[in-house]
Amino acid sequence: MSWVLVLPIAVPFATAVFAYLARNTPAGRWISLAGSVLSLIASAALMVAVLREGVIAAQMSNWDAPFGITLVSDYLSAVMVVITAITGLATAIYALGEIPEETERLGFYALFQVLIAGVTGAFLTGDLFNLYVWFEVMLIASFSLLVIGGGKDRLDAGIKYVALNLVSTLVFLSGIGLLYGVTGTLNMADLRGAVAAADNQGLITVIAMMFMVGFGVKAAVFPLFFWLPASYHTPYFAISAVFAGLLTKVGVYALMRMFTLVFVGDVGFTHEILIWVSLLTMFTGVIGAAAQMDFRKILSFHIISQIGYMTLGLALYTPLALMGGVFYLVHHIIVKANLFFVAGLAKQYAGSTDLNRIGGLYKSAPLLAALFIIPAFSLAGFPPLSGFWAKYLIVKAAIELNMWFVTFVSLLVGLLTIYSMTKIWGYAFWKPHPEGYDPTPDRAPPRVTAAMITPIAGLAAMTIIIGFFPEPFVQFAQTAAMQLLEPTDYVTTVLGVQP
Amino acid sequence: METLTALIIGILTAASVYLMLARTFMRFLFGLILLSNAVNLTIFASGRMTKGHPALVPYGADTPLHAVGNALPQALVLTAIVIGFGLLAFSLALGFETFRRTGTIDTDELRFAEPEEDTQK
């Protein structure tokens, strides 16, 4: 059984090795593409196993839990692994069109596959210290991918990104140390009982806050998000898409895991803080976006604002809210990565991402315009696209709790999101192309355009499918939420499994 | 021993915060080194500081002969040191490359990704 859990991590690592060896030849990119397809198959196998058994776990090197490292997957982990593989495949295709050869020779595809492996590992591990290690794998790959290809702006963005992420990692690490000091265990399933049994609950709450800050920086919640809009608009579009889709969501996933499985002793205090943090995150993000005039900067601020919805789902802490949070997480990864892909193609067609310097894309690229509408309106929450159902679940959960202010802010932020999306639409697509700016700086060969538009169309199709047939996805999210709120299955599977 | 360690951790953290508040990236990195050492000491101390033998099992036996020290925090600290070293090497290279290309590592002057005039459009 354990190979199902190991393969989604092992395949990208193996691909990285081969892609690195072949980095000087065109074979490198095809190895990366083939590896991404294999990853998707491996993650699908994991999903099938999880759907059959509920929760699956495996002990590495036959060290029984809680002493060894456990890999474990419930519904939430499984769907995150699948969506990571899908985003990885979409990016691998997109990169065929975008990434220049000199960057390939620097080992771009190897780094990219290591990033995917790190993200997948973080979703699958059942050990807190191992989670730290996966975070680091992910970070070092993302640092390199952010600055690869050079340029002053990338180095500048890199410094800010590296600095804040390293500090947050250290906060997370000292939280791990203190938690180990109090409970004597690092296995997440074992921690649930050990934390509840600890005699110094005040100290546990302090440690919980350290975790909230550590993961909060990764997830880019208010007031810890400054690194995100400073860096996400500089790298290659393929890279900013995979960052925007996946990296902050690892922070959200870690928050969801720790604050449903381990830190549930003082929900009234910890989750109350999360509610306010979420509301401020949603609001500052969307207001920040309104002030920007760059395609990618607007999208970057919208990541922050949408993160607020996901953490709100966790903070409200009812089955319906968590279900909405899980649904939101999955929908958002698809939509946000897709919008960054669209931004890349818009730059390809119009020569810039500065909204003042581009325009007329509706006329010059009608297919792109149609494909932009789908994720943009899904992000804003228009029915019948996937974003509508995600927002609907969260707002309904808030109404059921009689939290009218929370409801009001959620709806207001949705409205302001429409404002930003129509701004991009108006400036980039409808407005005629401004005079004096070359509309097509380097007309790309059709092969490049095809590689870039295929993942956009694929992800847009997924958004529509989720939007029109939400039932199975909602049911899946419901089971995932139930598993999070009642993790008895998770705990017994991890602690009782025989290697 | 615990008190002394706690004091050292406190001093290291205070010094690192002072350094990290500086505008220069180099000072920030020095602060980061101190902070990561403080964190490593925290992990080490949370494994309880006791006198004991090394956690080694003699050949042929199933359990160690004497009461042994807790080996897990040492393994964790070792991992954290290695990872921290790698990240630090990367950050140093990044700082150096930034200085080489832009001539500054003062974070107030590093505004290439977000130029000032951006907001006035």
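Hi everyone. Let me start with a bend: α14 of chain A has a kink of about 25°, centred on A:H332. Please keep in mind that this is a predicted model.

So what does the rest of that helix look like? α14(A) runs over residues 319–350, which makes 32 residues. From first C-alpha to last, α14(A) reaches 46 Å, close to the 46 Å expected at 1.5 Å a residue. Is α14(A) mostly covered or mostly open? Mostly covered, with 28 of its 32 residues buried. And just after α14(A) comes A:G351, which takes a positive phi of about 95°.

Let's step back to the whole of chain A. You'll find 21 helices and 2 strands there. Its C-alpha atoms fill a box of roughly 70 × 55 × 40 Å along the principal axes. A compact globule of 499 residues would have a radius of gyration near 23 Å, and chain A agrees because its value is 22 Å. Of those 499 residues, 64% count as buried. If you take the contacts in chain A between residues at least 6 apart in sequence, 79% of them join residues at least 24 apart.

Now for the partner chain. How many residues of chain A are in contact with chain B? There are 29, and they meet 28 residues of chain B. On the chain A side, the elements that give two or more residues are α6 (128–147), α7 (152–183) and α10 (227–231). α7(A) gives the most, with 17 residues. By type, the chain A side divides into 18 nonpolar, 7 polar and 4 charged residues.

Note on methods. Residues are numbered from 1 along each chain as its sequence is written. Chains are lettered from A and ligands numbered from 1 in the order in which they are written. This is a predicted model: local features need pLDDT of at least 70, side-chain atom pairs count only at pLDDT 80 or more; totals for chains, interfaces and linings use all residues. Two residues are in contact if their C-beta atoms, placed from the backbone, lie within 7 Å. Helices (H or I, at least four residues) and strands (E, at least two) are DSSP runs, numbered from the N terminus. Ala, Val, Leu, Ile, Met, Phe, Trp, Tyr, Cys and Pro count as nonpolar, Asp, Glu, Lys and Arg as charged, and the others, Gly among them, as polar. The expected span of a helix is 1.5 Å times one less than its number of residues. The bend at a residue is the angle between axes fitted to the seven residues ending there and the seven starting there. A residue is buried if 20 or more other C-beta atoms lie within 10 Å of its own, exposed if 12 or fewer, and partly exposed in between; C-beta atoms are placed from the backbone. The radius of gyration is taken over C-alpha atoms; the globule rule is 2.2 Å times the number of residues to the power 0.38.
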